[in-house]
Amino acid sequence: MLSFRKRLALAHVGAIVVVMAIAAFGSYLVFARNVHRELDAALLALAETEMGMLLSAGEGDTVIVHEAPPGPGAPSFVRLDRLVQIVDAEGRVLARSANLGEAQLPIPPVLRERLAAGETVFETLDGFGEEPTRMVSVPVQGHRSLLAVQVAGSLDDVNRTVAMASVLFVILGGALLLALGAAGAMITRRAFGAIDDVVQHAHRIGDANLGERLPHPGTHDEIGRLVDTLNDMLGRIEQGMEAQRRFTADASHELRSPLSRLRTELELALRRPREPAAYVETLHSSLEEVESLTLLVEELLVLARLDAGQERGAAETVSLNQLAEEAVRRLEPLARERKLEFALAPAPPVAARVARGAASLALANLLDNALKFSPAGTTVRVSLRADAEANEAVISVADSGPGIRGDELPHLFERFYRGATARSDENTPGLGLGLALSQAVVHAHGGRIEAANEAGGGARFDMRLPLA
């Protein structure tokens with residue numbers, strides 16, 4: 001199969017050939033028609049001149065062809081190589097030019113009928129004389145005995161001119177075709193040369209050198225935009241690969257730590273005989289580590305399915321008022337245990353288009369996160385509203401905790417990211433996946449979660465979902 005470059009070159013040459021053939025054929029027809037029209041005009045002018053002279057003469061005057069008199073005077077180029085004949089109403093030849101000799105121009109009955117009807121007739125005579133001949137027959141109006149004046153001229157010069165013009169068209173067309181073909185080949189080679197450079201550099205970029213970029217040609221044309229687009233894509237791939245590497249490293253670290261603790265506790269328990277109460281304590285501690293591992297693995301599986309597009313449930317119309325009430329009711333025991341309260345602000349009915357399970361999971365994570373960072377004796381505030389301008393339903397969760405540091409805001413929804421407050425407080429549980437999981441779930445259903453600091457202190461998370 002031909003390469004794209006060769007197919008493009010063939011298409012370019014084919015288009016040029018078609019366009020030039022149409023243009024040359026059209027030009028040839030126009031030129032030939034104009035040349036023949038000039039000859040017809042010259043014959044008609046001479047016939048009208050001869051007819052005017054005949055009409056100016058008297059009725060009884062002898063009918064003659066008014067030729068240039070012999071002598072030293074300059075020849076008449078108007079009448080040069082023109083055959084002139086005057087016929088009467090019966091078709092008899094009354095007079096003819098000297099260069100016609102004993103021959104006569106044809107005057108068949110059909111032509112006499114057309115002339116008698118007052119029609120000027122142009123025709124080409126085949127087989128008359130040694131050269132192709134063009135003849136015009138003009139009826140003589142206002143003269144009883146005369147029918148028409150006929151003037152004929154050779155078509156040889158006209159045909160030779162048209163033939164020379166056609167040869168000239170062919171030569172110019174061939175030269176133009178070669179020039180345009182060479183220019184097209186040069187432009188195509190230059191354009192595809194730049195693409196070949198991009199392809200060669202792209203082949204050299206792999207997992208080990210994703211930081212490299214394709215060389216920019218320095219122009220802002222299609223090739224330049226292609227290189228910019230590919231470089232942007234390489235940047236996104238590099239960021240994705242780096243995030244995947246960080247995710248794998250963080251997941252390995254988070255899995256290794258509880259496994260190491262679990263192994264250490266079991267080894268210590270088996271190192272020497274112990275009392276049954278010590279074994280029970282070890283088993284309880286091991287169970288806590290297993291539960292932590294189970295939660296971590298489940299969250300990792302949910303994130304993996306979200307990344308693969310397999311976790312998105314069917315969207316339905318969900319009442320966010322009911323959803324918020326159910327989430328607050330489920331977490332109220334945990335809030336009372338930590339000496340906290342929930343305050344669900346009354347709001348008009350708000351509905352969103354989302355999978356109920358996904359919205360419930362994300363909201364539960366936001367409420368649990370607010371409980372983790374709220375000081376005892378404070379209130380976690382939950383509110384709902386419909387943002388008609390953005391066509392979004394909004395659930396806001398605000399706490400009275402330390403808030404979010406400015407340098408932590410861009411990384412808040414990264415996987416396994418934990419802020420300085422969470423890292424410094426060993427009593428704050430969590431693996432750094434809750435907010436990342438919530439954001440991924442909401443994104444999968446066309447929404448987003450935004451984080452900000454409250455003016456009076458504390459953090460606020462706005463979960464925005466498509467408004468029903």
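The legends below describe close-up views of a predicted model.

**View 1. Helix α7 crosses helix α9.** Helix α7 spans residues 356-373 and helix α9 spans residues 434-444. Two packed helices are described by the angle between their axes and the distance between the axes. Here, the axes come within 9 Å and cross at roughly 150°. Because angles over 145 degrees count as roughly antiparallel, α7 is described as roughly antiparallel to α9. The crossing of these two helices is left-handed.

**View 2. Residues that form the contact of α7 with α9.** On the side of α7, the contact is made by A358, L361, A362, N365, L366 and N369. On the side of α9, the residues are G434, L435, L437, S438, V441 and V442. Grouped by class, the contact has 8 nonpolar and 4 polar residues, and no charged residues.

**View 3. An open sheet of 5 strands.** The strands are arranged in the order β2-β1-β5-β4-β3, and their pairing is antiparallel. Strand β2 (93-96) and strand β3 (121-125) stand at the edges. Each of these edge strands has a single partner strand, so one side of each is left without a neighbour in the sheet. On average, and with direction ignored, neighbouring strands of the sheet are turned by 20° against each other.

**View 4. Strands β4 and β5 within the sheet.** Strand β4 comprises residues 133-139, and strand β5 comprises residues 146-154. The two strands run antiparallel and are joined by 7 bridges. Which residue of β5 stands opposite V138? The residue opposite V138 is V149.

How values were computed: Residues numbered from 1 in each chain as written. Predicted model: local features only at pLDDT ≥ 70, side-chain atom pairs only at ≥ 80, totals over all residues. Heavy atoms only, no water. Axes fitted to C-alpha atoms, helices over the stretch in contact; angles between N-to-C directions. Helix = DSSP H or I, 4+ residues; strand = E, 2+ residues; numbered from the N terminus. Parallel < 35°, antiparallel > 145°, perpendicular 65-115°, else oblique. Left-handed = near helix turned anticlockwise from the far one by under 90°. Contact = heavy atoms within 4.5 Å. Nonpolar A, V, L, I, M, F, W, Y, C, P; charged D, E, K, R; others polar. Pairing = 2+ DSSP bridges.
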